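Colleague: I've got this model open and I'd like to learn how to read it. Could you walk me through a few features?

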Amino acid sequence: MKFLFVHQNMPGQYRELIQWLAAQGGHEIVFLTQRKKAPQFAGVKTVQYKTHHTAKEDAYGLSRTWENAAGNGFGAVMALRELVAGGFQPDIVIGHVGWGEMTFFREVLPDTPMIGFFEYYYSVHGGPVGFDPESPVSEHAPYIMHGHNVVPQMNINVVDLGHSPTYWQRDRFPKQFHDKIYVCHDGIRTDTLKPNKKAQVNLGRIGRPLTRKDEVVTFMSRNLETTRGYHQFMRAVPHIQKARPSARILVIGGNDVSYGGKNKHPGGLRGQMEAEVGHLIDWDRLHFLGQVPYESYQAIVQISACHLYLSMPFVLSWSLLESMSMGATIVASDVAPVREAITHGETGLLVDFFNPEAIAAQVADVLTKPRDYAHLGPAARQHVVNTYDFETVCLPEHIRQINALVPADKQIAMG
């Protein structure tokens with residue numbers, strides 16, 4: 001089959017799927033992306049497109065998102081025209097609709113089956129916007145959020161089928177979208193993301209590797225920001241350290257902003273939190289590691305005695321399910337998207353996002369009485385194996401959905 005994948009930041013949610021398809025042989029796979037120096041995968045041809053237009057700084061706020069999406073969409077469809085003119089006629093198009101790239105594809109491929117990734121529908125209710133009183137919304141926020149949603153509202157009519165990774169994400173969209181969107185996670189490689197009792201992490205300043213025998217608490221996010229609860233984590237740190245004098249806390253994450261606006265403090269959110277609680281923290285036992293290689297990230301989770309995931313209600317992080325797959329004992333924020341993955345007391349522990357002392361008390365209890373919580377890590381892993389495993393759960397469902405849209409002679413055989 002001839003596949004066209006589309007994602008402005010290749011490979012996005014399609015890393016495992018494109019590699020599996022390429023490994024099967026017999027498929028022609030093209031990936032259209034805006035990303036410069038995109039990662040290369042054997043058997044996958046990468047084609048870069050350039051956005052045709054970017055909204056100016058003073059662009060009208062209510063239409064800025066659509067203006068950027070239109071520029072992406074026109075740039076992407078011009079690249080698509082060149083591909084088709086060069087002889088590439090895809091049997092199916094699979095891509096993320098959020099940046100507008102597929103918006104105009106029907107003008108070039110009127111009859112080609114298309115599956116669109118519907119990741120998030122904006123609202124001032126139920127998500128991160130308006131969730132935290134420390135970040136009050138403006139009176140214009142509902143209109144700006146609605147303006148963001150022009151892109152998925154247009155694209156639901158472009159695709160034959162939509163896809164969301166979790167029910168919480170699917171249910172953010174209007175009910176009339178639901179029958180057209182199937183729910184299936186991208187998939188977690190539970191075959192490689194496993195517990196490892198022999199894992200070690202070297203930290204230069206302590207002169208010896210950390211192992212499972214140490215009291216290690218971990219917190220991670222692509223970037224350290226309020227959407228993922230970094231401010232509540234930092235407020236919990238002094239209480240954790242006071243309760244557990246031997247605990248070492250390892251933090252993974254960059255200092256940019258992935259979601260929401262930039263912090264107004266001169267030192268960013270890290271600077272703000274250091275000013276607020278820095279005098280209460282033992283900095284010798286708090287280790288900021290930045291953004292680390294994937295292998296290092298795995299080892300850090302594998303030695304963790306307690307892993308913190310303090311997200312606001314938002315798109316579920318891959319890191320949560322990956323940490324569960326590696327058997328971590330997890331203390332997470334009690335919000336709806338997390339409850340879809342974690343059952344309190346069975347596969348993890350849920351805590352009040354707004355109560356740093358309660359967060360710290362739960363972490364300290366895990367460290368104090370590890371035997372009482374020893375069942376959580378194995379149960380978390382089993383839940384991910386049963387529900388989110390790439391090869392046995394998610395891949396077969398994705399292939400089933402693809403096969404339902406293409407002729408019988410084009411359908412993919414599962415081994």
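This is a predicted model: local features need pLDDT of at least 70, side-chain atom pairs count only at pLDDT 80 or more; totals for chains, interfaces and linings use all residues.

Colleague: Okay. How many bridges join E4 to strand E5, and how do the two run?

Modeller: In general, strands of a sheet pair through backbone hydrogen bonds, either parallel or antiparallel. Here, E4 and strand E5 (residues 114-117) are joined by four bridges and run parallel. E4 also has strand E1 (residues 2-6) as a partner, again through four bridges and parallel. In that pairing, Phe5 has Ile94 of E4 as its bridge partner.

Colleague: Is strand E4 mostly covered or mostly open?

Modeller: Mostly covered: five of the five residues in E4 (92-96) are buried.

Colleague: Now the open sheet. In what order do its six strands come?

Modeller: Read across, they go E12-E11-E10-E13-E14-E15, with parallel pairing. At the edges sit strand E12 (286-288) and strand E15 (349-351), each pairing on one side only. From one strand to the next, the twist averages 20°.

Colleague: What joins E11 to E12?

Modeller: Three bridges do, between strand E11 (residues 248-254) and E12, and the two run parallel. Ile249, for instance, has Leu286 in E12 as its bridge partner.

Colleague: And which strands does helix H9 lie across?

Modeller: Helix H9 (residues 294-303) lies across strand E10 (216-223) and E11, and runs at about 145° to E10.

Colleague: Let's go to the surface. Which residues form the nonpolar patch?

Modeller: Tyr60, Leu62, Tyr143 and Ile144 do, with about 420 Å² of accessible area together. Tyr143 belongs to helix H3 (residues 141-148).

Colleague: Why is Tyr143 called exposed?

Modeller: Because its relative accessible area is 54%, and the cut-off for exposed is over 50%.

Colleague: Last one: where is Arg381, and which residues does Arg381 touch?

Modeller: Arg381 sits in helix H13 (residues 376-388). Leaving out residues up to four places away in sequence, Arg381 touches Thr190, Leu193, Lys194, Pro195, Met324, Ser325 and Gly327. Arg381 and Ser323 are 58 residues apart along the chain, and their C-alpha atoms are separated by 8.4 Å.

Terms used. Residues are numbered from 1 along each chain as its sequence is written. Side-chain values use heavy atoms; hydrogens and water are left out. Two strands pair if DSSP finds at least two bridges between them. Axes are lines fitted to C-alpha atoms, for helices over the stretch in contact, and angles run from 0 to 180 degrees between N-to-C directions. Contact means heavy atoms within 4.5 Å. Buried means under 20% relative accessible area, exposed over 50%, partly exposed in between (1.4 Å probe, protein chains only). Patches are made of residues with over 30% relative accessible area and no salt bridge: like charges are joined within 9 Å, nonpolar side chains (Val, Leu, Ile, Met, Phe, Trp, Tyr) within 5 Å. Accessible areas come from the Shrake-Rupley method with a 1.4 Å probe; for residues, only the protein chains shown count as cover. A salt bridge is a side-chain nitrogen of Lys or Arg within 4 Å of a carboxyl oxygen of Asp or Glu.
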